Structure formats: structure tokens, C-alpha cells
Number of protein chains: 2
Amino acid sequence: MSSSRVVVTGGTGFIGSKLCEELLSRGVTVYAVVRSNSSQRTRLLNHSGLIIVEGDLNNVIQWSTELKRVQGGFDVFYHLAWEGVGNKYRNDQIQINNLNSLLETIKLAKELGCSQWIGTGSQAEYGPLNEIIQEEAPNKPTTLYGATKVAGGNMSAILGRELGIPCQWVRIFSTYGPGDSGGWMLIDVIGQLLDGVTPKLTLGEQLWDYLHVQDAAEALIALAESAPVDSNTYNLGSGSSQTIRAIVETVRDIIDPDIPLCFGDIPYRPDQVMHLEANVDKLREQTGWKPKIDLKNGLNQTVEYIRNSRLAQS
Amino acid sequence: MSSSRVVVTGGTGFIGSKLCEELLSRGVTVYAVVRSNSSQRTRLLNHSGLIIVEGDLNNVIQWSTELKRVQGGFDVFYHLAWEGVGNKYRNDQIQINNLNSLLETIKLAKELGCSQWIGTGSQAEYGPLNEIIQEEAPNKPTTLYGATKVAGGNMSAILGRELGIPCQWVRIFSTYGPGDSGGWMLIDVIGQLLDGVTPKLTLGEQLWDYLHVQDAAEALIALAESAPVDSNTYNLGSGSSQTIRAIVETVRDIIDPDIPLCFGDIPYRPDQVMHLEANVDKLREQTGWKPKIDLKNGLNQTVEYIRNSRLAQS
């Protein structure tokens, strides 16, 4: 994929920024479409191969001319942008806007001569299954976010077939790693432990699949490099799980083995998912990719990142 | 359901107008939301129990005040309106608009005190399965219409749970009967046979499920009357199938047994579905409903209707 040219939307996001970084390190020229008022722009490195295209995903026509003028066209269109990812927007009607922008980016990818469009779905498309999840599992989303992601996956395959551009839909499970901005259990727990505070925890028997963000970025690149000829749906997770209890204990041991943990302080949610794990055989077979960073090393990096961010802020 | 009050969107459609007629005949007061420029308004009968509410589904706030002023509230909200039902819109991005209006009608139904919101999905949600289809079958839509209907079903259940109003999603299979406006195989074939023309036909081995529109309307009423307490998805079809060949032969015999038929004049489509049939056990068990009009009687009525419409126009 070196000396190629790609478009990335959502490049200021947690996974998107890592994807840009990994692409740039491989010599790929990255056109990152970024909202003019994005508060996360600092996530993108300064790099000679990075070109920022200011634009609003709800108004593709406004900024697409800049891309259409680029000589030699593009190879891959990564569409990671999604409005309303935060927990408080999961049942907000704004989710629906994402379907229009998704279809517009596929049309644009075709116009730009891309050989692939790669969009990101979510484990939320499955709903609470309590098992190792294959791509063929039924979709029973419990949030408008999940329902809209299901629609996005279906629609991308349909439009891709109509336009003749393979559209890959990657359902990403839980990710973590340096750069994560919090609001999720793991990052919050790290913050509390760094403060020497015993976090409020459930019994922690839930089995959870956590994938390091760098492995996620590498998977998205491997998928483009393997050049699938048809549109398809792939799970992206680590393909393994540990109990929340084991994960939190690992974090505690990294930070300070003397902090006591008290599992069971808070009850499970009524709809608590007890097992969330991706079967990633399909992606592995297509691409040869596999995750490289084990959870302990990844958690070490993450704790280090959060510690350093706090030092920088203090 | 008599002496109750309901809202119907899409009341000028083929199924919607029959639903209104059946509701009115039961003494129900029907508030039909109709676009001010609807060309199909003549489908709605003049009836003292019918109140027309002019309004655009993309602008619910504009017309909902009229409904909110009605004393005593409403019992059921039927949402049958859908933008882009015709074949030429099946892959049009306008499909997505329907999701916003669908969510708005659920919020409105809750505000109006309705005990049920009933929306209509489609066999298109399943894609080409070639089997008797149960509600649990995977959703593999091949059109944006089908993908948006899948999203509508998912979203209605999610929002219904959040707001505390049961939302029923009824996936309607092929319907036919008096009032059908053509553009579909069966109606076109009837037209040609009435002209004495031998229609161009495939081999006609496809097994197809045709439900009479009156049976469809009665099913939608039975569902409201059975008052499900949770949101659910139901197939609505006849629950039986015949070959297209047998159906066309029946129509030919009704019109003129001497017209020759030539099956196999045109090839099957590359993606020809050879078996489309609904399993309707779930709806039958919930409601006790079953179809009353057999295909031969229904085709007789349909031929008669088309013949009379032509006489009226000539």
C-alpha cells in the first residue's frame, strides 16, 4: 500500500487517528476529511503525507471537488466518521443523518476511482448475544446507533453492488489503547486507580473482548491490501476475551498492587451482557492479519499514556 | 374496536385505503393524514367517521397539533406511509427520509395516548430466500427500500421500548385485489388479457404468496384488537403459495379461456426468486386472524374491478 493515496473520514477519532498514523508510517498519502470546528484535530500528527480537507459529512458536495482535482485518483476510501458516537447520543435521531453521508461517500469513492470503500460498523449491531459472535449472527440492536449501523452495512453492500465498487463493512468490537479519551469503563477505572481511589465495580464476571487500537488500525489496512472483490462484512475484535475482573486486576497491578479492589460493590445492569467476544476468523482468513499486542502490554501502554497526559495537563 | 379513534398515515395507499374502509365499517373514527397534493385522495371514501388531516410526514410538528386537540385521545396509530414505494425509487436515497418520519410518528402516538403503534414493513427486508419465511430469518435486503424497512422495524422496537409504547412491525408480502394500481406483474397481466393480448411470461414455476388486500386490512385490525403488550415483528401474507403459472392460468380462465398462454417467452431474471411465501403462524397465534378470500375469488374481484375502471374511463 506504500506510495498510494487514500481518503479517511473520521480521522480525528480514536481509531481514525491511529489509522492515519499507521498509513502515514507506511508512506501512504492520507487525505483526512475533518470538520472545520473539530476539537480533536490535535489527534492528527503533523506529517508531510497528511493533507487536511475541511468538510462537513452532511455536505459532501462542498468539499469533494478538492479531492476530485487530485491527479492520479485514490486507492481506498476509509469512512470512519459517524455522528453521535457518545453514549448520550445512542438513541438520538441524529443517528439517521449518518446514512445519507455514508451513501454519499460511497458515490464519491466510486468517482475518485477507489478500488475499495471501507466503512466501520459496531458490535452494537448484534445486540446482547452473550456468546462468541460470528458475522452471520442475527442483528438485534437495542439502540438507534446499532440499528443505524446495521442499515449502514446493508446499504453499503447494496449501493456498492449497484455502482460496482466493493464495500467492506467492519464491525468493530471494544477497542482500547493510548489516545482513548475516556467515558468508557476501562479508561475511567484507570483514572480512578491513578488517583489511588478504589473504583466501584460489579462482580466483574463478564467476559469481554478488548482490541488494541493499533491492531485495529492494522486490520483496516490489511483489509484494503487483501483487496476483496466483493462487498462483505467482517468482525474486528481480538478474538479472545477475559473477565472484567482479570482486566481490572491487571490494571491495578500495573498502577499499584496495594490498592484494594472490591468486586460486587455495584449490581450488574438489568440487561448486563455477560459475554461479548468477536469471532474474527473471516477477517483473518481474508487478510492474514492477527492482533500483535497482548492485553497486558496494551494496558501498560494505556496507563502510561493516561499518566503522561495528566502530567502534561498539571 | 368500535367507537374508538385511530390515526392512519398512508391512508390513500392500496392497503391504507382498504384499512380505512374496514375501520370505518366497524364504527371506528379514522383520522387519515394525507399530503395536501396527494393524487390518490379519491381512494378515500366520503364517510362521516373519516377526518382528513392534511400534512407532510417530513414535518410532523406542522399537523400534529390538530390531533393533539382531539378530546379523549386515540387508541391506535397506524403508520403505513412510506416515501418511494414505486420500483424506480427502490434504490433511491430518499428512502432514508422515512426513518425520521417513522420515529416522529411513534413519539406522536405516545403523546396522543395510543396503546399501540403499528407500522408496515415488507418482504423486501428478507431479500431472496427461496423458502417459507419465518420472522427469525436473516435480513439480507437487496434494495435501499428493504434496508430502510429493516432499520424501521429495528428502530420502532427500540424507541417503543424507550417511550413505553408497544410498536408492532408487520412485514407485508405481496398483496392484490380491487384498487391495485398496477406496475406489478399480476395487474399488468390482467390488463393485457383484458385486451386479448397474450402476455410475455417466464416459465412461471415461481411459487408466490398473494394476499387479498381486504385480508391484509383485517389482519392489521386484528393485531390492534389483540393488544400485544410488547413490541414485535409479524409476517403478513396468505401463508400459502401457488405457481405464477397457475395464477396466470386462473386469471386467463376468468377473462377468456380461449386466449393462448405461452410460458417461457422471457427468461427468468438472473436473481429470480423461485419461492416467496410467508409463514404467518406468529400473527395467527397472536390474533386468531386468518385470510378469508381464496385466490380464485380474489382474482375474480380484481378482474372485475379493472374491467369496471376501464369502462368508467372510456
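## Helix axes and crossing angles

To talk about how two helices sit together, we need an axis for each one: a line fitted to the C-alpha atoms over the stretch in contact, with the angle running from 0 to 180 degrees between N-to-C directions. Keep that in mind as you look around this structure, which is a predicted model.

## Helices α2 and α3 in chain A

Let's start with helix α2 (residues 60-68) and helix α3 (residues 97-111) of chain A. Their axes come within 11 Å and cross at roughly 20 degrees. Angles under 35 degrees count as roughly parallel, and α2(A) and α3(A) are therefore roughly parallel to each other. If you want the handedness too, the crossing of α2(A) and α3(A) is right-handed.

Which residues do the touching? From α2(A) come Val60(A), Trp63(A), Ser64(A), Leu67(A) and Lys68(A), and they meet Glu104(A), Leu108(A) and Glu111(A) of α3(A). Sorted by class, this contact between α2(A) and α3(A) holds four nonpolar residues, one polar residue and three charged ones.

On the α2(B) side, look for Val60(B), Trp63(B), Ser64(B), Leu67(B) and Lys68(B); their partners in α3(B) are Glu104(B), Leu108(B) and Glu111(B). The class count for α2(B) with α3(B) is four nonpolar, one polar and three charged residues.

## Helices α7 and α9 in chain A

The crossing of α7(A) and α9(A) is right-handed.

Helix α7(A) brings Ile247(A), Thr250(A), Val251(A), Ile254(A) and Ile255(A) to the contact, while α9(A) brings Leu295(A), Lys296(A), Leu299(A), Asn300(A) and Val303(A). By class, that gives seven nonpolar, two polar and one charged residues where α7(A) meets α9(A).

## Two domains in chain A

Zoom out a bit. Chain A splits into domain 1 (5-175 + 210-239 + 280-287) and domain 2 (181-208 + 240-276 + 294-313). Taken over C-alpha atoms, the centres of these two domains of chain A are separated by 28 Å.

How many residues touch across this boundary in chain A? Domain 1 puts in 15 residues and domain 2 puts in 17. About 1,300 Å² is buried between the two domains of chain A, and carbon and sulfur atoms give 55% of that. On the domain 1 side, Asn130(A), Tyr210(A) and His212(A) supply 46% of the area buried against domain 2, more than any other three residues.

Last stop: the interface between the chains. The size of an interface is often given as the accessible area lost when the parts come together. Between chain A and chain B, the buried area is about 2,000 Å², with 57% of it from carbon and sulfur atoms.

Chain A contributes 24 residues to this contact, and chain B contributes 24 residues.

Terms used:
Residues are numbered from 1 along each chain as its sequence is written. Chains are lettered from A and ligands numbered from 1 in the order in which they are written. This is a predicted model: local features need pLDDT of at least 70, side-chain atom pairs count only at pLDDT 80 or more; totals for chains, interfaces and linings use all residues. Side-chain values use heavy atoms; hydrogens and water are left out. Helices (H or I, at least four residues) and strands (E, at least two) are DSSP runs, numbered from the N terminus. Angles under 35 degrees count as roughly parallel, over 145 as roughly antiparallel, 65 to 115 as roughly perpendicular and the rest as oblique. A crossing is left-handed if the near helix is turned anticlockwise from the far one by less than a right angle, and right-handed if clockwise. Contact means heavy atoms within 4.5 Å. Ala, Val, Leu, Ile, Met, Phe, Trp, Tyr, Cys and Pro count as nonpolar, Asp, Glu, Lys and Arg as charged, and the others, Gly among them, as polar. Domain bounds come from an automatic or database domain assignment. Buried area is the accessible area (1.4 Å probe) that two parts lose on being put together, summed over both.
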